[in-house]
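This briefing is meant for a reader who is meeting the structure for the first time. Please look over the sequence and the model below, and then take the points that follow topic by topic.

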Amino acid sequence: LDRLIMCASVKYGSRGPALIPRMKTKHRIYYITLFSVVLLGLIATGMFQFWPHSIESSAEWSLDRRSVHDAPLVRIPVSSSIPERGDLSCRMHTCFDVYRCGYNPKNKIKVYIYPLQRFVDEVGVPISSTGLSREYNDLLSAISDSDFYTDDVTRACLFIPSIDVLNQNSLRIRETAQALAMLPRWDKGMNHLLFNMLPGGPPDYNTALDVPRDRALLAGGGFSTWTYRQGYDVSIPVYSPLSAEVDLPERQPGPRRYFILSSQTAIHREYRVELERLKEENGEALLLLDKCSNLSQGLASVRKRCYKGQVYDYPQILQESSFCVVLRGARLGQATLSDVLQAGCVPVIMADSYILPFSEVLDWKRASVVIPEEKLPEMYTILKSIPHRQVEEMQRQARWFWEAYFSSMKSIGMTTLQIINDRIYPYAARTYEEWNNPPVIKWSSVNSPLFLPLIPPRSPGFTAVVLTYDRIESLFRVITEISKVPSLAKLLVVWNNQNKSPPEESLWPKVAVPLKVVRTKENKLSNRFFPFDEIETEAVLAIDDDIIMLTSDELQFGYEVWREFPDRLVGYPGRLHLWDHEMGKWKYESEWTNEVSMVLTGAAFYHKYFNYLYTYKMPGDIKNWVDAHMNCEDIAMNFLVANITGKAPIKVTPRKKFKCPECTAIDGLSLDQTHMVERSECINKFASVFGTMPLKVVEHRADPVLYKDDFPEKLKSFPNIGSL
């Protein structure tokens, strides 16, 4: 990054004006002329009204497609104010105005980028020797193309100056601070974000930017525990220009030619002496490289490393080692870390007090080995104690960290903004798994209930999905009862009978919400959990076509409970799994007990996210087994949800009897004599596939607060809860 170069022009987004369609009329010329006159009048009026305008009224970060040298010149008076040094006590609740961010449905902050200006002192000397670097231009362009960006300064939650402070070596400290203070919305740095990768300067090399910055957040590339403000600043990597210049294809994890490799050229003499001693003790297992003294200085020499006259290509040589040493230099943050990760080499980081990049969200234990500097003599022994399988996992994780968070200025910028976004909207924040697990599959339109707001809004309501085959009368009664529930948004009937068509539209009950009938291609129980496009609400009520006994109060109450616990199965029929000591296996229990470990999806609320998991991510052959046996889809869903969340279901209301009084054994599946035996077999089968028993046993249920109290019925929210 010390090679940050001046960019002659700025990269722009491809947001061109929309074309005006041709006017297909014989008076086209007349209308075009009239329109042009009106348009010119409006433009002239606007220019007179708003000229001269402030820099805040500029449009988005496109710089009007001008050269950097065409940016307006701003002179900084000598007497201009200088911000405070920086408040080390700043935290998000003390130095950041979260109310400026406000609430928005997407739970995403809005970022405003100041238009580019060239700041000079009174005699015309620029505040920076490099102007706008290519790296900073790439960063700002990436942000302007993202969903975070807004060109409306009044909507902005976060402000990013177009003043490039990535490399402190190129800055005039005092004048840069004065330029920051002149920004229209500076307000002592409140809600402003600065990006810096090379902080400090000789002789002490401070670990944070020396430019006075008031309360501004700092995304810094070399923080120590002394300068890092936990939960406020963001520790970012030092970008390596080689990331864009060198294409290192991903290499399969496993043993490499060398066990340990050191490639840094400017490490302290004491460290090099110790590495040479380790080299003597361990021979070819350790490769100790240095700069090549026989090559002329230039770009070619940066890409080479040498050992006793032998020349190696850099960073390609990094792929030949299992572990790569990353020692502190004059600064704590080193671009070498990025090169090592790109090579899929496990970094061995020895930089006491260094705050690792994005350590607020990244679990570096999975991708690196951190060793105290004083333990350098023991490095070989420490690394040899790590199992081979763990080394392979770390190699794989190191490469993924680079691809996701280090590979470009865009990746670094987007990760920084996402971390800040997660602080402001914690209920919508990414989970540990999202940050640290390589994505296997992306759902396009589904949010996991684990990442929903604390309480989902009531307004969207729920979608009732009714699975049916041939019980028309019972189906219509269920539809009629469900339609009385206030929060019902849509009814979806899954018609599972391929030999018979659904009734004509005129015969269906008249309801106040949309009613959609979906015909399936095969008679499978798993069809009830298919992620139909028609399901637009977060909440789903799965209900059988014979559950005619539930009242609208019971259903509405169940939905209200689900809103409090959107990651759970919330249902009415409760069941239990027990361990049969005599038989040595699990047993399904449907008798009334004090305990519950499952709620049957014949009447249960859940998040539609689980439809996707059931359909596409169910372990083993469980889904096929369910469809083949026409049984246990509800038990499979209980296993799935419990395994993901680690939580028990919630039974609501006291009702225990759910048998359809009009239904015969011919009508239903659950009345078959072999049904209960198969249910026990299901539990044992699923536990074997999952490799564990995820179901949790609880001894409670949810009931309305006043439902048993001697209280006037009209004062109760849910008076008609029903009996056992």
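Phenylalanine 610 counts as buried, because its relative accessibility is 1% and buried means under 20%.

**Phenylalanine 610**
- The residue belongs to helix H15, which is made up of residues 609-616.
- Although phenylalanine 610 and proline 531 are separated by 79 residues in sequence, their C-alpha atoms lie 8.6 Å apart in space.

**Helices H16 and H18**
- Helix H16, covering residues 622-629, packs with helix H18, covering residues 675-690, at an angle of about 165°, and the axes of the two are 11 Å apart.
- Because angles over 145 degrees count as roughly antiparallel, H16 is roughly antiparallel to H18.
- The two helices, H16 and H18, cross in a right-handed manner.
- On the H16 side the contact is made by Ile622, Trp625, Val626 and His629, while H18 contributes Glu678, Cys682, Lys685, Phe686, Val689 and Phe690.
- Sorted by class, the residues in this contact of H16 with H18 comprise 7 nonpolar, 1 polar and 2 charged.

**Residues 261-288**
- UniProt, in an unreviewed entry, lists residues 261-288 as "coiled-coil region".
- In the predicted model, the chain over residues 261-288 is 50% helix and 18% strand, and the C-alpha atoms at the ends of this stretch are 6 Å apart.

How values were computed. Residues numbered from 1 in each chain as written. Predicted model: local features only at pLDDT ≥ 70, side-chain atom pairs only at ≥ 80, totals over all residues. Heavy atoms only, no water. Axes fitted to C-alpha atoms, helices over the stretch in contact; angles between N-to-C directions. Helix = DSSP H or I, 4+ residues; strand = E, 2+ residues; numbered from the N terminus. Parallel < 35°, antiparallel > 145°, perpendicular 65-115°, else oblique. Left-handed = near helix turned anticlockwise from the far one by under 90°. Contact = heavy atoms within 4.5 Å. Nonpolar A, V, L, I, M, F, W, Y, C, P; charged D, E, K, R; others polar. UniProt positions renumbered as here; feature names shortened; annotations may be inferred. Buried < 20%, exposed > 50% of the residue type's maximum accessible area, 1.4 Å probe, protein only.
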